[in-house]
Amino acid sequence: MTYVRRTRMVGSGGTWRRGGLAVFGAFALSLLPACSGGCSVEFERSEATHADGLYRRLLVGGTEPDGAFVLAQHERAPGEEELVLVSLAEGEKRSCAMGKAFGYTTMGPQPSFSGDEPRVDARPARILAFEGEPGAKSGDLRIFDASCVEHMRVPSVETWPWPIYSSAESRTEAYAARTTSGEVVWIDPWAGSMRTISEGASFWKYAAETFWLIEGGRLVLRDREGNTLQTAGEGVTEVVVDFTGEAAYVDALGLWVLKLGDPAPMAIPTAAAPCKPEYFYVNSLKLAYRDDCAAGVLAVRDLTTGDTRLVAAGVTSARFVRRASKSWIFFQREEPGKKRELWAVPGDGEPVLVGTNPKPDGYVWSFQEEGSLVELNHDGTSGTLGTWTLEGGFSPLLEGIGGAWVQRGAHLAMVVDEQAEVGTLVVLDKETLAEALRVPRVHRATPWFSYQAPALGYVHGWDDALGAGTLGAWISANGQQIDVDTGVSEFDEIYWPEPGIVYAVRTPERAGLWSAYPDF
């Protein structure tokens with residue numbers, strides 16, 4: 001079986017910074033929960049840089065033939081950057097350059113979520129880099145090896161290539177992408193080959209080992225070789241594809257559902273011209289859509305029973321939350337001259353007003369069994385985070401929430417009271433919402449939970465002039481706070497050959513890429 005798996009892509013952006021705390025491995029997972037405050041973790045820093053200079057947008061990769069490495073933008077001169085690969089091998093100071101790139105990705109060691117060793121690809125590394133200036137949306141896709149030798153060039157590709165993951169081989173087998181001319185192509189970076197799947201596609205998606213495309217106003221399904229499997233619709237404008245191999249689409253005649261292999265699509269009756277189909281799953285597969293697009297009438301159809309419910313008019317966006325006891329629909333609506341509203345629909349119940357001025361397209365997080373975490377009173381920059389229950393209504397928790405939340409395991413982290421992207425890091429216990437950590441002057445883009453250890457990394461004490469601060473780590477199992485190094489702008493995880501972190505230092509006398517490893 002083959003399915004699509006997301007891989008991390010690094011794109012252009014002047015203040016893009018994000019990192020992850022080191023993966024401590026199975027030993028740490030068993031050790032830290034038993035600490036009870038009596039044990040501690042320390043980091044041993046590298047004795048010298050892996051590469052000197054100023055770097056940003058770090059992305060760790062690695063394969064068995066090439067070892068561990070990091071990709072980064074190297075500032076050769078003010079306003080002049082190039083993509084480089086820097087080896088992370090101990091004692092080896094090796095790097096090479098690949099020229100200007102506004103976005104790039106590579107396959108790296110994949111962390112295990114069961115305490116096993118990371119999965120490391122036995123094939124040579126391949127780096128996919130988009131040639132061009134920051135802010136570009138398309139460019140020549142260049143494919144390099146770990147010596148920065150170019151193996152392929154695919155002209156005028158739109159961002160981003162879509163990795164196609166083989167579960168049988170537990171690795172990415174190829175990438176799919178669309179060129180600016182509408183050609184959808186299958187790219188094998190290891191074989192150095194490319195084949196055309198479709199020409200003139202205005203929409204494409206890969207799901208259920210099938211390409212779903214809009215070609216000349218028709219929905220067209222093609223296999224991995226580009227052979228036509230099915231066609232449907234006339235004047236198709238919208239398509240949404242479920243991973244099971246089913247698509248809902250809107251064409252000149254209305255709303256339809258097409259299952260892979262069915263002889264014909266099924267019509268979904270609507271009162272007027274429909275739009276915005278969206279699949280979601282709560283107990284069974286459901287389809288949400290606007291029954292009347294102009295009036296914003298939200299409808300939900302159970303695709304198993306065929307039951308359809310008209311929820312509300314004037315709906316601008318909707319979220320669907322699955323709970324053990326019942327499913328919930330949260331939707332936003334807005335009428336001319338009035339405040340934006342957030343509403344909730346519990347199961348088969350009637351809509352209930354949650355509050356006004358929710359964060360546009362904001363998420364709704366489950367809290368305990370029947371509660372939700374929502375952001376209200378949003379002024380376009382920041383809002384108020386609080387809990388909401390059907391019985392108790394909205395209870396404010398934190399004000400000044402501006403950026404995204406990050407969460408993993410038992411904790412939720414966010415930066416509040418931001419000024420110029422720097423604010424106070426607040427970490428909450430997701431079960432009790434008790435405050436577990438508060439750290440001032442944290443850059444909003446740096447907090448990140450480890451994938452395998454009960455820990456959070458962040459950069460605090462931010463110096464605006466330097467564009468850096470102190471790399472810190474919080475061990476949630478014992479409450480320990482660790483300062484790893486100073487003058488750090490960003491960082492990323494190293495999974496293999498041993499767990500650690502690589503980070504960029506901007507302090508003039510120490511500028512470069514450094515690494516650190518946990519010592520138990």
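Which cysteine forms a disulfide with C96, and how many Å apart are their sulfur atoms? In this predicted model, the partner of C96 is C148, and the two sulfur atoms lie 2.0 Å apart. A disulfide is a covalent bond between the sulfur atoms of two cysteines. Counting pairs of cysteine sulfur atoms within 2.5 Å gives two disulfides, and the other one joins C275 to C293, with sulfur atoms 2.1 Å apart.

| Disulfide | Sulfur–sulfur distance |
|---|---|
| C96 and C148 | 2.0 Å |
| C275 and C293 | 2.1 Å |

**The pair C96 and C148**

The torsion about the S-S bond of C96 and C148 is about 70°, and therefore this disulfide is right-handed. Because C96 belongs to strand 7 (residues 95–97), while C148 sits in the loop between strand 10 (138–144) and strand 11 (150–158), the pair ties together parts that are 52 residues apart in sequence. Both cysteines, C96 and C148, are buried.

**The pair C275 and C293**

For C275 and C293 the torsion about the S-S bond is about 90°, so this disulfide is right-handed. C275 is found in strand 24 (residues 275–282) and C293 in the loop between strand 25 (284–292) and strand 26 (297–302), which means that the pair ties together parts that are 18 residues apart in sequence.

Is each cysteine of this pair buried or partly exposed? C275 has a relative accessible area of 5% and is therefore buried, since buried means under 20%, whereas C293, with a relative accessible area of 35%, is partly exposed.

How values were computed
Residues are numbered from 1 along each chain as its sequence is written. This is a predicted model: local features need pLDDT of at least 70, side-chain atom pairs count only at pLDDT 80 or more; totals for chains, interfaces and linings use all residues. Side-chain values use heavy atoms; hydrogens and water are left out. Helices (H or I, at least four residues) and strands (E, at least two) are DSSP runs, numbered from the N terminus. Buried means under 20% relative accessible area, exposed over 50%, partly exposed in between (1.4 Å probe, protein chains only).
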